[in-house]
Amino acid sequence: MARLSAVERDALPEEQRRFFDAVRWIRRRPVSGPFIVAMNSSPELAARIAHLGHYFHARGQADESILPMRGRSSVSVIGSRALDAPYEWAAWINWALEASVPQETVDDVREGRAPRGLTAEDRLVADFCTQLFSADHRVRDATFDAALARFGVQGLVELVVTIGYFAMIALPLNAFEMEMSAEQNSLRKPFAPLPVGGKPWTDADGAERILPPISGSVAVPRVPLLASHDDVPPAHQHFVDRIVLTRGWISGAFQVLLHTPDVAARIANVGDQVLYRSVLAPDVQALTGLVAARELDCNYAWDASVARAAKVEFRLIDALEHGRPLTALAGGHQALLDFCRQLLRGNHHVSESVYQAVLKQFGVQAAGQIAVTAGYVAMMSLIVNAFEVPPVGDASKPAL
């Protein structure tokens with residue numbers, strides 16, 4: 001059952017009700033699912049996430065993404081299975097079928113079989129998503145090159161951001177076991193729900209994975225990096241200013257994202273709230289980022305999180321990086337670490353005991369921000385991994 005209830009508009013402080021109204025206005029729907037989680041944590045964050053999400057699923061309104069709806073729907077089907085995300089499956093499955101994703105493909109993905117009925121483009125999207133979600137969270141050169149040739153730079157950036165946004169939304173939904181309301185289900189054609197097998201991860205499930213060390217060689221970005229006003233058309237230069245306003249410069253991640261400048265500015269707006277206006281204590285925020293970066297094998301996000309980890313004991317950071325046992329080091333952070341690792345491992349759901357421990361230690365508001373922070377870092381990690389963006393190497397500059 002869902003672990004959170006919807007927040008009523010009148011229950012919010014008067015100065016925050018405008019964010020509730022913004023979510024409803026942007027989505028043209030009642031506040032539901034991921035926006036219930038975000039609204040319980042930060043109404044302003046909920047509005048910023050809604051603005052980003054609208055770019056990818058306008059649902060018949062002005063469609064902003066240049067990526068075909070079938071491609072976005074394929075990401076939703078594959079991503080739901082990869083992240084064991086039943087809410088996102090329920091939200092997207094009718095749209096996928098309406099976008100001509102075959103029923104047999106949907107059934108195969110749901111049941112964990114090799115999907116049939118794929119076009120060449122479907123297969124390319126499936127291969128790209130599967131490689132990015134699994135193993136070392138990298139995309140093979142041949143797959144990347146084929147996707148770049150098929151979608152172009154902007155289309156490919158939007159494909160990767162769609163994957164990342166999907167992960168950012170799925171993790172908080174899973175953390176709080178959010179469910180479709182009866183009203184939401186009544187608006188959908190009948191569908192087979194996504195079964196979630198397995199169990200939440202525990203220490204008994206195996207040894208730690210090792211985050212690949214940062215090598216002496218510098219990764220070569222796979223697309224041109226756009227680092228200044230002069231690198232984008234004059235009509236888009238105001239997006240550069242919006243990004244700089246949130247963090248002071250254009251980091252490597254945003255030098256890639258500027259190939260779709262409107263999306264880049266919306267992500268920067270979400271990151272501004274997640275990273276710089278959080279209710280989380282600095283050590284909690286940094287540890288959440290470290291765990292997410294490590295689980296996504298992302299040296300770029302790892303460096304960024306280490307730079308924010310001034311109040312985290314070095315021995316704990318070192319143990320996380322190299323897969324050493326954490327029990328003796330975690331202390332008061334044990335519930336946080338268990339919560340984040342369960343979201344990012346196993347069946348991507350949180351056991352009731354771990355959930356209650358996090359709730360007891362942090363409360364609902366902070367628990368929601370932990371889940372959203374893990375999702376945001378996961379999104380940014382997938383983006384920079386896909387495009388092989390090297391770590392910034394300057395601890396004085398925020399990279400995410």
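Predicted model: local features only at pLDDT ≥ 70, side-chain atom pairs only at ≥ 80, totals over all residues.
Helix 7 itself covers residues 120-133, which makes 14 residues. From its first C-alpha to its last, helix 7 reaches 20 Å, close to the 20 Å expected at 1.5 Å a residue. The helix is mostly covered, with 10 of its 14 residues buried. The buried residues are E121, D122, L124, V125, A126, F128, C129, Q131, L132 and F133. An α-helix has 3.6 residues a turn, so residues three or four places apart point the same way. The buried residues of helix 7 pack against helix 4 (69-82), helix 8 and helix 18.

Leaving aside residues up to four places away in sequence, G79 touches F133 and F166. G79 and W25 are 54 residues apart along the chain, and their C-alpha atoms are separated by 27 Å. R81 is likewise found in helix 4. Its relative accessibility is 19%, and because the cut-off for a buried residue is under 20%, R81 counts as buried. Not counting residues up to four places away in sequence, R81 touches V109, R110, L194, P195 and V196.

F191 is placed in the loop between helix 9 and helix 10 (237-247). With a relative accessibility of 25%, F191 counts as partly exposed. Its contacts, again without residues up to four places away in sequence, are W89, A90, I93, N94 and N185. For one of these, I93, the separation from F191 is 98 residues in sequence and 7.6 Å in space, C-alpha to C-alpha.

A search of the whole structure finds 6 aromatic pairs. In one of them, the ring centres of Y55 and F56 are 5.3 Å apart and the ring planes stand at 70 degrees, so the pair is edge-to-face. Both residues are buried, Y55 with a relative accessible area of 4% and F56 with one of 1%. Another pair, F176 and Y355, is also edge-to-face, with 5.7 Å from centre to centre and 90 degrees between the planes. F176 lies in the loop between helix 8 (141-175) and helix 9 (182-186), while Y355 belongs to helix 18 (residues 352-386), so this pair ties together parts that are 179 residues apart in sequence. F176 is buried, at a relative accessible area of 0%, and Y355 is buried as well, at 3%. Beyond the pairs, Y55 and F56 form one aromatic cluster together with Y165.

Aromatic rings also take part in arrangements with charged side chains. The charged end of R222 sits over the ring of F144, at 4.5 Å from the ring centre. R345 lies over the face of W201, and here the distance to the ring centre is 4.5 Å.

The remaining values describe the protein chain as a whole. Its secondary structure comes to 18 helices and 0 strands. A compact globule of 400 residues would have a radius of gyration near 21 Å, and the protein chain has 20 Å, which agrees. Taken along the principal axes, the C-alpha atoms fill a box of roughly 50 × 50 × 45 Å. Of the 400 residues, 57% are buried. Among contacts between residues at least 6 apart in sequence, 73% join residues at least 24 apart. The accessible surface of the chain comes to about 16,200 Å², and 55% of this surface belongs to carbon and sulfur atoms.

Terms used: Residues numbered from 1 in each chain as written. Heavy atoms only, no water. Phe/Tyr/Trp six-rings, centres within 6.5 Å; stacked < 30°, edge-to-face > 60°. Buried < 20%, exposed > 50% of the residue type's maximum accessible area, 1.4 Å probe, protein only. Helix = DSSP H or I, 4+ residues; strand = E, 2+ residues; numbered from the N terminus. Lys NZ or Arg CZ within 6 Å of the ring centre and 35° of its normal. Rg over C-alpha atoms; globule rule 2.2 N^0.38 Å. Contact = heavy atoms within 4.5 Å. Areas by Shrake-Rupley, 256 points an atom, 1.4 Å probe, with all protein chains shown as cover. Expected span 1.5 Å × (residues − 1).
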